[in-house]
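User: I would like to learn how to read a protein model, one feature at a time. Could you take me from the overall shape down to single residues?

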Amino acid sequence: MNRRGKFSPVPMLFILSLIALGALIAILALDRRKPLASKKPLLVYCAAGIKAPIEKIARNYENEFGIPIELQFGGSNTQLASARASGKGDLFLAADESYVKSGRQQGLIHESFPIASMHPIIAVRKGNPKNIQTLDDLLKEDIQIAQANPDAAAIGKLTKPALEKAGYWDKLKPRTRTFEMTVNDVGNAIKLGTVDAGIVWDITVRQFEGLEAVQSPVFDSVNSSITLGVLSSSTDPAAAIKFARYVTAADKGLVVFKKNGYTVVAGDRWTEFPEVRVLAGAMLRPAIDETLTAFEQREGCRITRVYNGCGILVAQMKAGERPDAYFACDTSFMREVTDLFIDPAEVSINHLVIVVPRGNPHHVASLKDLGQPGLRVGVGREKQCALGALTRKTLEQVGLHDSIMENVKVQSPTGDFLVNQLRTGSLDAVVAYVSNTTSAKGEVQTIPVDVPCATAIQPVAIGRESQHKFLMGRLLDALESRQSRERFVAQGFDWMLGAPPQSSANAR
């Protein structure tokens, strides 16, 4: 109060400010105690038989990153149908990879992540009171069995063909009291005594107390591959992929699967933001760089690119460089370091051409014309790049190497440099790849080199010592995709992994 007995407005404003500040602090503290409320959940369609480990992994992930995971369980086929019908969701965890492959063919699934394997067995109650030892025992009059519906669950889909082949399917149908929608329903029916036996996964027996397994040779060659797919409907694919990497990480999700008795894949080590290193021939840069950038954004990873002549890259690897992947300009350079990589895949073809300025002022029509007096020629440096090695091989095959080399003024580890020298007027003609000319089409023209060996094949492979082999496998999928193919063709390459819309040979 002031001396007149009235409240002063200044202290009152101060008190109200303190109250407001306290309320704000309380709200912020409450928000911290409930991190999931402000995060967008990820919806996962999941095969019922994988419920135990995925629930544990989901809770671990929520606690670690504050992202809620919504799990919807059912038969693998039923769950895929739900994802298709709703057009919503982020991930699909299938009891067998065949469902993920089907989803990819339908355009429902983008990436796939292998997790573990399972094997079918006959399940009976503990102690095997009906002494069931073989499939023939399931045909006895006093035995009733349960199976999973082949149209709904993976266990039914995979075992039906094996039973048909062995002549048991039609015999077992009359003995099957119920066809359940999930493998867990089959396990429960056996446990509760509703039936005497059923066909389930080996892992189902480990997850249900009171059951034991009976092996059958009919199922010896039947195995499922548990696979996680990222749905094309995901509105936040980077978040979905991050969770998928967590589920399939050797030191995160796969630990839980292994504790639950699954036979798991090797898996990558977990890191929230993976960093990988890719070595690639310089001529591949225009064809792959956009794909690498898109992959980084989608995967939430960082790719360090090293573009150079393949001879230089090979020398670095022989000196100890160990990249996560290598994309070579030619198979000859992959062969030099083949022990460092796993199963190279041949992706594309590039062709040698003679490049001259628009209008062809020196009237170059063939390799022979590169030997005309006074012509300034550029070629690749043979010990540093595939272009140089291939050029030498081609010139030697037609008996023109020595005469043309007398006119060579510039040797470079990259064809792009040679074409740029031509554009500036420093050279009159160069031998380069078709792909080196795409950015200068208005300024240069090309003459085909009609020699059988004048082509280079570009292989790509994952490093044996990479700590991110599964991530790199997804990168190779991206490099072999339709979008990647279109980029290669646009840059003048011929595509090897499928019929291209238009080959560079036709474009010429």
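This is a predicted model: local features need pLDDT of at least 70, side-chain atom pairs count only at pLDDT 80 or more; totals for chains, interfaces and linings use all residues.

User: How many helices and strands does the protein have?

Analyst: Elements are DSSP runs, numbered from the N terminus: helices are H or I with at least four residues, strands are E with at least two. Here there are 19 helices and 21 strands. The radius of gyration is 32 Å, well over the 23 Å from the globule rule for 508 residues, so the protein is more spread out than a compact globule. That radius is taken over C-alpha atoms, and the rule is 2.2 Å times the number of residues to the power 0.38. Along the principal axes, the C-alpha atoms fill a box of roughly 105 × 95 × 40 Å.

User: What share of the residues counts as buried?

Analyst: Buried means under 20% relative accessible area, exposed over 50%, and partly exposed in between (1.4 Å probe, protein chains only). Of the 508 residues, 50% count as buried. Now take contacts, meaning heavy atoms within 4.5 Å. Among contacts with a separation of 6 or more, 76% join residues 24 or more positions apart.

User: Which residues of helix α18 are buried?

Analyst: Start with the general idea. An α-helix has 3.6 residues a turn, so residues three or four places apart point the same way. In α18 (residues 482-490), the buried residues are S484, R485, F488 and V489. Down the axis of α18, they fall within an arc of 135 degrees, so they line one face of the helix. The arc is that of the directions from the helix axis to the C-beta atoms.

User: What do the buried residues of α18 pack against?

Analyst: Their partners are α11 (285-299), β14 (325-327), β15 (341-357), α17 (469-479) and β21 (494-495). Just after α18, G492 takes a positive phi of about 100 degrees.

User: Where is A280 found, and what does A280 touch?

Analyst: A280 is found in strand β12 (residues 275-281). A280 is buried, at 1% relative accessible area. Leaving out residues up to four places away in sequence, A280 touches I288, V306, Y307, N308, L313 and F327. A280 and A325 are 45 residues apart in sequence, with 8.4 Å between their C-alpha atoms.

User: Is I54 buried or exposed?

Analyst: I54 is buried, with 1% relative accessibility. I54 lies in helix α2 (residues 51-65). With residues up to four places away in sequence not counted, I54 touches C46, L71, F73, L93 and V247.

User: Which backbone angle is worth a check in the loop between β15 and β16?

Analyst: Check phi. Most residues other than glycine have a negative phi. N360 has a positive phi of about 50 degrees although N360 is not a glycine. H363, also not a glycine, has a positive phi of about 55 degrees. N360 is found in the loop between β15 and β16 (377-380), and H363 has its place in the loop between β15 and β16.

User: Is H363 buried or exposed?

Analyst: H363 counts as exposed, at 64% relative accessibility. N360 counts as buried, at 12%.

Key: Residues are numbered from 1 along each chain as its sequence is written. Side-chain values use heavy atoms; hydrogens and water are left out.
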